Amino acid sequence: MLDALQYEFMRNALIAGVLAAVACGIIGTYVVVKKMVSVSGAISHSSFGGIGLGYFVGINPVLGALFFTIASALSMGLVIKRTRLPEDTAIGILWAMGMAIGIIFIGLTPGYAPDLFSYLFGNILAVPFSDLILMLALDAVIVIIVIALYKELLTVSFDEEFGTVTGVPVEALYLLLLCMIALTVVVLIRVVGIILVIALLTIPAALARQFTHDLKKMMPLSIIFGALFSFGGLWLSYELDLASGATIILLSGTVLLVTLGLSRLRSRARIHETPPNSAGQ
Amino acid sequence: MADKEVVKLEGVWVQYNGVPILEGINLAIEQDDFLGIIGPNGGGKTTLLKVILGLISPSHGKVSVLGKPPEKSRSKIGYVPQHNLFDRDFPISVGDVVLMGRYGKSGLFRRYSSEDRRATQDALQTVGMLDYKDRQMGKLSGGELQRIFIARALVAEPRLLLLDEPTASVDPAMQTEFYELLEKLKKQMAIVLVSHDISAVSIYVDKLACLNRQLHYHGSKEITPEILEATYKCPVQMIAHGLVPHRVLKEH
């Protein structure tokens with residue numbers, strides 16, 4: 001693997017892994033604790049509409065995805081908050097509509113859409129330098145917003161109704177959170193692809209949740225896990241000649257499942273060790 | 001002084017999908033009131049509290065809190081929601097939950113000040129939970145959680161405290177302690193407590209009203225069997241108040 005570092009694509013891949021880990025560690029934490037996994041799935045799939053738009057207009061599809069995904073995140077948030085449609089119904093509809101728009105645009109684009117597959121399933125080995133710059137900029141936006149609005153986002157995540165009562169602009173912050181999910185999706189598209197994004201948004205944060213009860217510590221911890229998974233998955237895919245995005249996801253998922261299994265075994269062992277009257281301490 | 005009147009509702013109607021939830025509610029709460037509102041589930045108790053908070057706007061009628069529309073007075077209202085609705089798995093400490101109540105005094109983009117943190121300590125002290133400041137919310141019992149949510153409401157130094165079914169998940173032994181806490185608090189603010197538990201509420205509150213879409217309020221605790229029957233649409237137990245709290249069953 002070390003000799004592979006002499007290649008630029010390999011160095012770019014590692015940098016992309018770190019940049020992806022930052023976005024998914026921070027925003028994934030909110031996705032997990034606020035239980036926004038399905039709406040995140042909808043946002044990530046709807047980004048396909050932006051990829052299609054990018055092909056059709058002839059710009060970088062990732063840039064097309066950036067604008068389109070933010071627009072679809074905002075409309076999703078407004079449909080969820082302002083209409084009577086049940087949340088999961090709205091999610092299902094917008095999920096499919098975004099993808100449908102992508103398919104139409106790609107169909108309208110003359111000729112064959114090159115590396116379409118890499119947007120769907122990711123190809124961390126093919127991230128161009130320009131996309132790294134875009135990823136870095138999006139990471140910076142996410143970090144700045146979360147630092148500036150940490151206490152507001154915490155209130156909205158924990159208890160929206162109480163937030164409204166104390167005067168927190170709940171709806172605006174919910175929309176902002178969805179937009180940041182959209183930014184994260186765009187950062188992750190190159191690494192694991194639209195279809196697999198949801199795994200990197202949830203697994204590192206869910207794993208970090210096993211080790212801490214503090215939201216502030218959950219974020220750096222899930223960044224570290226995300227980076228380790230990217231590196232580990234990249235190395236495995238290189239050694240075994242497998243698809244990089246899918247390998248990263250399978251490695252992350254396996255580690256999470258093993259950790260859950262181990263902690264279950266450990267808590268069971270503890271119950272057997274301690275006398276019943278001191279249980280629950 | 002007009003300032004004495006904390007809440008005023010005049011002819012308030014609330015409808016949901018064309019079905020009336022509240023019908024022509026008139027209510028006045030003064031600054032040293034401790035009002036209990038009882039009524040069956042689905043009778044509109046939570047809706048009434050949300051109207052006072054400005055979370056639900058009535059289809060007819062007028063609501064004012066401290067002489068202003070409720071949205072403008074929210075920073076003066078402490079609200080303790082039915083707490084079984086919150087996610088026990090959320091990674092947050094007791095202190096951070098209480099600190100949230102200071103948002104109205106802090107504001108967008110600002111960090112919580114040392115004064116906010118001091119107020120948090122005081123509020124936790126008041127409810128007797130200061131030692132739990134760094135504990136995980138998910139590890140608390142029902143009664144302990146209830147105290148934390150009261151502390152979160154108190155931390156903003158409200159003039160009106162609204163409690164929604166506060167004893168629903170508190171075991172009976174803790175309930176007495178809980179009402180003694182309210183007894184202390186009522187010297188500093190108006191309190192409105194909503195519950196379907198007639199017996200416990202009527203022992204401690206100063207004024208009692210019955211709500212089942214319509215509000216039967218007489219400004220005192222004397223409630224006749226007729227009013228209770230009108231509220232619950234069925235014969236109910238009567239409560240009388242003497243030196244020792246006790247219940248009197250209606251003849252049957």
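Residues are numbered from 1 along each chain as its sequence is written, and chains are lettered from A, ligands being numbered from 1, in the order in which they are written. Because the model is predicted, local features need pLDDT of at least 70 and side-chain atom pairs count only at pLDDT 80 or more, while totals for chains, interfaces and linings use all residues.

## Helices of chain A

Helices (H or I, at least four residues) and strands (E, at least two) are DSSP runs, numbered from the N terminus. Two packed helices are described by the angle between their axes and the distance between the axes. In chain A, helix 2 (residues 37-57) and helix 9 (residues 170-192) have axes that come within 9 Å and cross at roughly 55°. Helix 2 of chain A is therefore oblique to helix 9 of chain A; angles under 35 degrees count as roughly parallel, over 145 as roughly antiparallel, 65 to 115 as roughly perpendicular and the rest as oblique. Axes are lines fitted to C-alpha atoms, for helices over the stretch in contact, and angles run from 0 to 180 degrees between N-to-C directions.

The crossing of helix 2 and helix 9 of chain A is right-handed, that is, the near helix is turned clockwise from the far one by less than a right angle. Helix 2 of chain A contributes Val39(A), Ser40(A), Ile43(A), Ser44(A) and Ser47(A) to the contact, and helix 9 of chain A contributes Leu178(A), Ile181(A), Ala182(A), Val185(A), Val186(A) and Ile189(A). Residues are in contact if their C-beta atoms, placed from the backbone, lie within 7 Å. By class, this contact has 8 nonpolar, 3 polar and no charged residues. Ala, Val, Leu, Ile, Met, Phe, Trp, Tyr, Cys and Pro count as nonpolar, Asp, Glu, Lys and Arg as charged, and the others, Gly among them, as polar.

Helix 11 of chain A (residues 215-240) has 26 residues and should span 38 Å at 1.5 Å a residue, which agrees with the 36 Å between its end C-alpha atoms. The expected span is 1.5 Å times one less than the number of residues. Asp241(A) follows helix 11 of chain A and has a positive phi, near 55°.

## Contact between the chains

The contact takes 21 residues from chain A and 18 residues from chain B. On the side of chain A that touches chain B, helix 7 (150-158), helix 8 (160-166) and helix 11 each supply at least two residues. Helix 8 of chain A gives the largest share, 5 residues. This side of chain A divides into 9 nonpolar, 6 polar and 6 charged residues.

## Sheets of chain B

Two strands pair if DSSP finds at least two bridges between them. In chain B, 3 strands form an open antiparallel sheet in the order 2-1-4. Strand 2 (19-30) and strand 4 (60-65) of chain B each have a single partner strand, so one side of each is left without a neighbour in the sheet. The twist averages 15° from one strand to the next. Strand 1 and strand 2 of chain B form a hairpin with 2 residues between them, and Asn17(B) in the turn has a positive phi of about 55°.

A further 6 strands of chain B form an open sheet of mixed pairing in the order 5-6-7-3-8-9. Its edge strands are strand 5 (77-80) and strand 9 (214-217) of chain B. The twist averages 20° from one strand to the next.

| Strands of chain B | Sense | Bridges |
|---|---|---|
| Strand 1 and strand 4 | antiparallel | 5 bridges |
| Strand 1 and strand 2 | antiparallel | 8 bridges |
| Strand 6 and strand 7 | parallel | 5 bridges |

Conventions: Contact = placed C-beta atoms within 7 Å.
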